[in-house]
Amino acid sequence: PARDTSRRFRAEVRFGEFYDDNAPAAPSATGASVPAGVGEGKRNTFGELLSVRLDYDWLRAGGWIGTAGFSFFGTHNNSLPTFDLEDYAGSLNIVRRGLVANLPVLVGVSYTYDHVVLDKERLLERNAVAAYGVLVESDRHLTTGQARVEFKDYKENKALPGVESQSGTNYLVGFLHMVRFGRDRHYLRGGYQFDYDDTNGRNYT
């Protein structure tokens with residue numbers, strides 16, 4: 001039905017403004033901390049930002065839900081356009097809902113591709129694969145766990161020493177337990193997360 005189809009698609013658009021008093025601190029596509037021409041001159045700028053997110057549930061069968069998504073985030077610096085940033089991302093997510101020992105559980109896997117552009121030039125490409133799960137023990141207790149592998153490829157200056165390369169692989173695994181109170185208005189959280197960057201350059205490992 002047309003009504004059900006409309007629920008499968010979701011869209012969100014946000015627009016805002018910002019002020020940055022140290023824009024040259026941002027990374028550059030050449031590997032230098034400050035692009036040529038900026039020097040110790042103007043460092044502050046006003047700007048605008050735009051965020052767009054589109055999601056479509058391409059699979060709804062039993063306890064399975066599959067979602068494809070696209071997002072864009074961009075900033076424009078009025079006084080320092082050298083630091084304009086654009087982030088394009090696509091994602092694919094599959095989730096299964098069910099019961100384990102009569103307790104609600106959700107498990108899923110996701111793939112995300114991320115393309116980051118700085119000053120109209122590619123800065124970074126990322127590919128990430130993640131698996132996660134959520135177990136609802138009771139109305140008050142909830143536990144989540146996740147594992148993720150992310151491959152990062154920076155556009156780097158060929159003259160940059162190898163030890164300064166930020167490209168590499170990131171590994172993350174962790175869990176979180178939440179205790180909820182007052183109809184979820186208050187909660188306590190506790191957990192552990194291991195996050196390791198295995199970069200090509202040892203200065204960033």
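Helices (H or I, at least four residues) and strands (E, at least two) are taken here as DSSP runs, numbered from the N terminus. On that basis the chain reads α-β-β-β-β-β-β-β-β-β along the sequence, with one helix and nine strands. The model is a predicted one, in which local features need pLDDT of at least 70, side-chain atom pairs count only at pLDDT 80 or more, and totals for chains, interfaces and linings use all residues. Residues are numbered from 1 along each chain as its sequence is written, and side-chain values use heavy atoms, with hydrogens and water left out.

**The chain as a whole**

Burial is stated by relative accessible area: under 20% is buried, over 50% exposed, and partly exposed in between (1.4 Å probe, protein chains only). Of the 205 residues, 28% count as buried. A contact means heavy atoms within 4.5 Å. Among contacts between residues at least 6 apart in sequence, 54% join residues at least 24 apart.

Rings of Phe, Tyr and Trp (its six-membered ring) pair if their centres lie within 6.5 Å; planes under 30 degrees apart are stacked, over 60 edge-to-face, and the rest tilted. By this rule there are three aromatic pairs. One of them joins Tyr 19 and Phe 46, and it is classed as tilted because the ring centres are 4.8 Å apart and the planes stand at 50°. This pair links distant parts of the chain, since Tyr 19 belongs to strand β1 (residues 9-20) and Phe 46 to strand β2 (residues 45-61), 27 residues apart. Another pair, Phe 194 with Tyr 196, has centres 6.4 Å apart and planes at 15°, and is therefore stacked.

| Residue | Relative accessible area | Class |
|---|---|---|
| Tyr 19 | 45% | partly exposed |
| Phe 46 | 54% | exposed |
| Phe 194 | 38% | partly exposed |
| Tyr 196 | 35% | partly exposed |

Asp 20 also lies in strand β1 and is partly exposed at 27%. Beyond residues up to four places away in sequence, Asp 20 touches Arg 43, Asn 44 and Thr 45. The C-alpha atoms of Asp 20 and Asn 44 are separated by 5.5 Å, although the two residues are 24 apart along the chain.

A nonpolar core is a set of buried Ala, Val, Leu, Ile, Met, Phe, Trp, Tyr and Cys residues joined through side-chain atoms within 4.5 Å. The largest has five residues: Val 116, Leu 118, Leu 123, Leu 124 and Tyr 154. Strands β5 (103-118) and β6 (121-136) are the elements that give two or more residues to this core.

Leaving aside neighbours within four places, its contacts include Leu 92, Ala 128 and Tyr 132.
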